[in-house]
Amino acid sequence: MNFKKTILCIGAGYVGGPTMAMIAYKCPQYKVTVVDINPERIARWNSDDLPIYEPGLDEIVKTVRGRNLFFNTDIEKGIKESEIIFVSVNTPTKTYGTGAGMAADLQYWEKTARQIRESAESHKIVVEKSTLPVKTALAMERILTSMNNGIRFDVLSNPEFLAEGSAVKDLEDPDRILIGSRETPEGLKARDELVKIYANWVSEERIITSNIWSSELSKLVSNAFLAQRISSINSISALCEKTDADITEVSRAVGMDSRVGNKFLNAGIGFGGSCFKKDILNLVYICRFQGLDEMADYWEGVVKINDYQKERFILNMLSAMFNTLAGKRICLFGFAFKANTGDTRESPAILIAGRLVEEKADLIITDPQALKNAMTALSDINGQINYVEDPYDAAAGCDAIAVMTEWDMYAGLDFEKIYKSMTKPAFIFDGRNILDHEKLFEIGFNVYPIGKPALTHF
Ligand code: UDX
Ligand code: UDX
């Protein structure tokens, strides 16, 4: 079959996999290939057991795989054959050297740029999909053109704004598509090529274009703003617990101001996920590097409040349970960093589980999708930890339940039955405010929500 365009994506992760599946689904006239250095990951993309869980993704992949979506590990061949190359390899926080713990680790990204340069035999449009520090495209251009072999490369920035758990919906109906380019005739031509792809299913007014540095920075700032809202509401939840105000009522009142808006105002145990912390720290690092210390301190505060919220949760558990957790059985309801995903990267549950083990509690962890990842995330922790699929079995014999993830299924459980099976006094710490607290109290639980007065029988 003759395809109109050939597209490659390097990096078959949470971003690359679903994004390319959507492009292939919406554009049957294009051939889309996804490559990765990890053969196991590619094998899973080619199987019925995809490497990531996203509602609706299985169906899309089944429809397009083998038709115009292909997964393999032949990066070199992929580069040679494609006109447009998306780069969506990981850019984690650096763990070594200058900027350790703050700056983005660009080693995989740079290695990929060199690979593209070495294998390319014709003009390529290279699209940054990974989230990168502002001005990274300049470094990419320099690497790509350093062979001076007459091959032209145009670098574009096209950050991905999908959220996990709603990736398919976000890709199908995005708030906006952002494409940053050089403002030269060649840069604008390359930009139009990418606009054409998205225009297959996204209306033109939602496809916005900008200069390349604005596009890179907008991605970092978008994540920083979202995370900042969560830290803002979480900081107020601490005050609510001291003053008998109710965070849900406060957040409703504040969010009904249309200038503020009502989304991303749910207090909880803090934000997790692979992006928020990494991207804010990256922003902080860039600010410090540019001598903007006041600005760096401001954004660093968002991460500090997030850490404070997790620590506060532990201290609340400890003080509610008579200042000792040693030998007590605590059941964690959920381990994923949010509902509808099996991803546990930076999940607040990781720190909370670690701290509970330090207090010598026995942990029972249940989650409908994330148990495998939970085991890996906690593999370095020495302590009593059991992983149980069924939430009723998990809670039986426990002193306390702590809700870590806002899975819908938890609100629908039979808590009378759970209460009967637990050690008394039985405690519930609702780290996501998803349960019916009054009802739980009537059943007999001592209930500790976030940002609301506790309901206790003592
Ligand atoms: C990644 C980045 O972390 C994020 O900053 C960016 O916004 C999007 O890409 P994600 O897709 O969640 O996010 O990362 P991950 O699931 O780790 O996938 C990255 C993939 O790249 C992995 O499958 C890895 O094997 C692959 N990879 C990494 C390569 O193919 N080549 C490399 O050199 C390095
Ligand atoms: C985020 C951005 O939303 C997305 O645009 C970007 O591309 C990647 O980073 P993601 O991390 O997948 O997406 O999930 P998100 O829905 O933003 O949730 C992040 C964390 O914030 C989760 O731990 C979630 O539970 C928490 N959260 C979210 C809250 O605690 N309260 C809220 O009101 C919303």
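Author: Helix α5 (residues 107-119) gives the largest share of the shell around ligand 1, namely three residues. Residues are numbered from 1 along each chain as its sequence is written, while chains are lettered from A and ligands numbered from 1 in the order in which they are written. The model is predicted, so local features need pLDDT of at least 70 and side-chain atom pairs count only at pLDDT 80 or more, whereas totals for chains, interfaces and linings use all residues.

Reader: Which residues are closest to ligand 1, and how many surround it?

Author: There are 23 around ligand 1, and G11, G13, Y14, V15 and Y108 are the closest. A residue is counted as near a molecule if its C-beta atom, placed from the backbone, lies within 6 Å of it.

Reader: How do you know which residues of this shell are nonpolar, polar or charged?

Author: Ala, Val, Leu, Ile, Met, Phe, Trp, Tyr, Cys and Pro count as nonpolar, Asp, Glu, Lys and Arg as charged, and the others, Gly among them, as polar. Sorted this way, the shell of ligand 1 has seven nonpolar, 11 polar and five charged residues.

Reader: Which residues are closest to ligand 2?

Author: A163, E164, N266, F271 and G273 are the closest of the 19 residues that surround ligand 2. Helix α9 (residues 212-243) supplies the largest share of that shell, three residues. By class, the shell of ligand 2 holds 11 nonpolar, five polar and three charged residues.

Reader: Why does ligand 2 lie between domain 1 and domain 2?

Author: Domain 1 (5-202) and domain 2 (220-304) both give residues to its shell, so ligand 2 lies between them. The bounds come from an automatic or database domain assignment, and that assignment also gives domain 3 (309-449).

Reader: How many residues of domain 1 and domain 2 are in contact?

Author: 11 residues of domain 1 are in contact with 11 residues of domain 2, where contact means C-beta atoms, placed from the backbone, within 7 Å. On the domain 1 side, seven of these residues are nonpolar, three polar and one charged. Taken over C-alpha atoms, the centres of the two domains are 29 Å apart.

Reader: Why is a crossover called right-handed?

Author: With the strands pointing away from the viewer, the path from the first strand over the helix to the second runs clockwise. Another right-handed β-α-β unit is made of β4, α5 and β5.

Reader: Which strands does β4 pair with?

Author: β4 (residues 84-87) is joined to β1 by four parallel bridges, with I7 opposite I84 and L8 partnered by I85. Four bridges also join β4 to β5 (residues 124-128), again running parallel; there V87 stands opposite E128.

Reader: Which way do the residues of β4 point, and are they buried or exposed?

Author: I84 and F86 point one way, I85 and V87 the other, and all are buried. In a regular strand the side chains alternate between the two faces of the sheet. Buried means that 20 or more other C-beta atoms lie within 10 Å of a residue's own, exposed means 12 or fewer, and partly exposed is in between, with C-beta atoms placed from the backbone.

Definitions and conventions. Pairing = 2+ DSSP bridges. Helix = DSSP H or I, 4+ residues; strand = E, 2+ residues; numbered from the N terminus. Contact = placed C-beta atoms within 7 Å.
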